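The sequence and structure come first.

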Amino acid sequence: MSTNRRLKAVLLAISALVLVFVYLPLAVVFVNSFSISPTFTWPPPGWTLQWWRLAFHSAGARDALLTSVEVALCATAIALVLGTLAGLALRRTRFFGRNVVSLLIILPIALPGIVTGIALNNAFRTMLGVDLGFVTIVIAHATFCIVTVFNNMQARLQRIGPSLEQASADLGAGPFRTFALVTFPMLRSALLAGALLAFGLSFDEIVVTTFTAGPQVQTLPLWIFQNLFRPNQAPVVNVVAAVLVLTSAIPIYFAQRLSGDSVNATAAP
Amino acid sequence: MTKHTRVHRVLGAVLGAAALALVAGCGSSSSSGTTSAGGFTPPDVPMQQKMGAMEGQVNILAWPGYAEDGSTDPKIDWVTPFEQQTGCQANVKYFATSDEAVNLMKSGGYDVVSASGDASLRLIASGDVAPVNTALIKDYDQIEPFLKDRAWNSVNGQMYGVPHGWGANLLMYNTDVVKPAPTSWGAVFTDAAQHKGKVTAYDSPIYIADAALYLMKTQPDLGIKNPYALDQKQLDAAVSLLKDQRQNISEYWSDFNKTVTAFKSGSSVLGTTWKIIQQTAAGEGAPVKAVLPSEGATGWSDTWMISSKAENPNCAYAWMSYITEPKPQSEVAQYFGEAPANGQACSLTGAQFCKDYHTTDKAFADQIWYWTTPISHCLDGRTDVQCTDYGQWTQAWTEIKG
Amino acid sequence: MTDTEQSLAPARASALGRFEGLRTFVLLVPPMAWLGVAYLTALGALFVTSFWSQDDFTGQIVRVFTLENYQTIWDVSVYHTITFRTIGLAALVTVVDAMLAFPIAFYMAKMATPRGRRLMVISVLMPLWASYLVKAYAWRGMFSENGVIDWLGQPFGISSPGYGLTATAVTLAYLWLPYMILPIFAGLERVPDSLFEASNDLGAGSLTTLRRVVLPMAFPAVVAGSIFTFSLSLGDYIAVQIVGGPTQLLGNVIYANVGSANNLPFAAALSTIPAAVMLVYLAVVRRSGALDNL
């Protein structure tokens, strides 16, 4: 784009301010994780590394982290399968109910979490009579993660167009073979991007999780919720959050590299 | 017979009749209770007859501060000795209000719960808790007699729980800002405007009883005899008082860490509290004191109850036995700031502590208006009016908060 | 949405290749079954529950059709106040986020170097991994008396507004900002650079180009982002409890009724409000093509 220097400078300044806004609370969290005050008085009256030490030894945090990762992996796997199927259906076939299907897929994430949460809670406990536990969380998370995969799939399928697949079919390959050898390799990075976003969504989800988690299952957000209440555990939570943010740079960076085309990595929240 | 004993007999009878009708409406999964004129029959839940092998773990639902395992403060730990003694791994979940406790018990997965009086009868009537075989509780005979067979923890002489401890809701204030020291609940009601925007109150419909208690003492012509037995007119008066208070509220609290930080930072300077909150905040360096105002107070009398669907009943009984032994009782009582149910704990806490908390003082204990679920059969014995029930209090609470 | 896709040319021997309807069916059944069973049925059951009532006496749900829950919502004015307050707040948060997100998204999409772009994308995405709760609590500390805002604002005489609606709006806007930046960024990236050059060639200054070329093209993306900010704000009950002081939003009332009086029928009736608002919103924005931009 032919640049107007001044516009560029203004936008850069605003962007910088926005980024400051975004990182200010995170900086506060980081600083507080070294603060000697467990109730986060500001400015910190003293410095200590004890919270970091406690965090690394915290079995509760480790277990919760593991559970969250497990839940997110399972939910992402399910969402990948279902989202891909739906994406293929909508972009590779003529289908008159497309809008309805789109709407249905978006619904779990468009409706407020508390509505989804109490609906699923009611369904599990009262209608089906099952106990809440690991599986119920996975089901709930997968339901609203489908949309992230679906959107990435749709966008990518639309972009690459059907011509390669048609060529493959002309050359005699059946639909499965075409998918495996032609379509899938082209979709890989979109799938990865969608999977990463689904993982992130599931990892930090608290509202629906509160309503669908059994008492023994504690994902990281639930652990954080529990411990933000307890006077001497709250700073440990800050440490965990700080670590998460810093380490998240790695998978995000890889997602960027592998997707090559940044649109697909960021096409859906 | 003292007035209080008679009041409590009447209360007990009325509660019994109310619960009878309550159960008559129940007819859910447990067998329906019989509705004979004289007695009250809660759902038929079997009582454990003897102890079996420990299951290796127990799921505890507790008020924050009741089951400390050293994670808050390594020196505050009575759960680890329990785990070592019995081999039962304790998984503790905290709740912030009695409503949460009732809801969580319904969803299942917990073996024991520390229920206040406004939760216990609901749990008994819905069949979520089982009668307790007090013979299996080690130091049951050391528990103060005035806590046993009360209206909120027993039915027809059958105990449904083991008393844990009791205490009053206090008034906490910032000594630097609130001068002179308040002596009346008027400080948070009629005089609340002096500290506009810095008053706190407990975030639960049961707090309406606190307003009713204040009105009971300051507006006797309203005719309130029991802050949990309010007819529509009395409820409206309490709601009006609370709506006025709302203008001065900084936050309604249910999570006590929030209150501690609020008092520490100065966002709140005055409000209802539990002793543990005042002690924690003072420990953090906040200039706060707590006082029992002249009108008296609402309070709680907590009971450990065992779930009817407990997966670890033996460990559950082991916990209930353990937590009512003198040493753990003294530790909880001092940490939380309440009167322990086991009078023998006094020898471990020191005589002054027991005096301060009136541990063996039945007369004092009877002055506290313990959290009780309001029901439409008036708890003060009136039969000419219908009292408002908890559902109406919940609606009113939403309107108060606005 | 126009249908420009062609179906795969029928392959030879397989039925799936030959019958497009079958292929669509097979592809769609698993996801639709999942969503239909897991989700729609649950929603439907909740909706049905809103027509039942809870017996205050026993706490059991009485499965008799009644409109009393909706009647209460209609009659009692506090629910109207709360509803309008919530919708207003959600709208405000959406507008603020759109205004904050657009410049940075535009810069990222059109003006940054590829490396700079990647860096900015990463820095926008990283905060998503700090827990929502931790961020809300950080804002609680910042808004408190003598907190960070008071501390920063002291030399300027600005003091923290304390806990309340303002704090809630700021916190929610903060929490959902990445969800607004990303779709706008993706949408702007799709706008070909040649359009800007063409506009320039035709004599439009940068601002005019922005206003008359870029904004209309980015609009669907903005709307797509707004779906998230609006919906997330509409149902939020956690952040408002942390920074909102005594403020009540729809989410709080729904949550209180599920947990408190265990009055699921009433909570279900209340939850039809945000659900209905979102459905209307989705229907309205469908035309703008936002759903393609999610």
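## Chains A and C

The contact between these chains takes 88 residues from chain A and 96 residues from chain C, where two residues are in contact if their C-beta atoms, placed from the backbone, lie within 7 Å. This is a predicted model, in which local features need pLDDT of at least 70 and side-chain atom pairs count only at pLDDT 80 or more, whereas totals for chains, interfaces and linings use all residues. Residues are numbered from 1 along each chain as its sequence is written, while chains are lettered from A and ligands numbered from 1 in the order in which they are written.

On the side of chain A that touches chain C, helix H1 (residues 5-32) of chain A gives the most, with 13 residues; helices (H or I, at least four residues) and strands (E, at least two) are DSSP runs, numbered from the N terminus. That side of chain A divides into 61 nonpolar, 19 polar and eight charged residues, with Ala, Val, Leu, Ile, Met, Phe, Trp, Tyr, Cys and Pro counted as nonpolar, Asp, Glu, Lys and Arg as charged, and the others, Gly among them, as polar.

## Chains B and A

Chain B has 20 residues in contact with 15 residues of chain A. On the side of chain B that touches chain A, strand E2 (89-94) and helix H7 (256-265) of chain B each supply at least two residues, and H7(B) gives the most, with five residues. By class, this side of chain B has four nonpolar, 11 polar and five charged residues.
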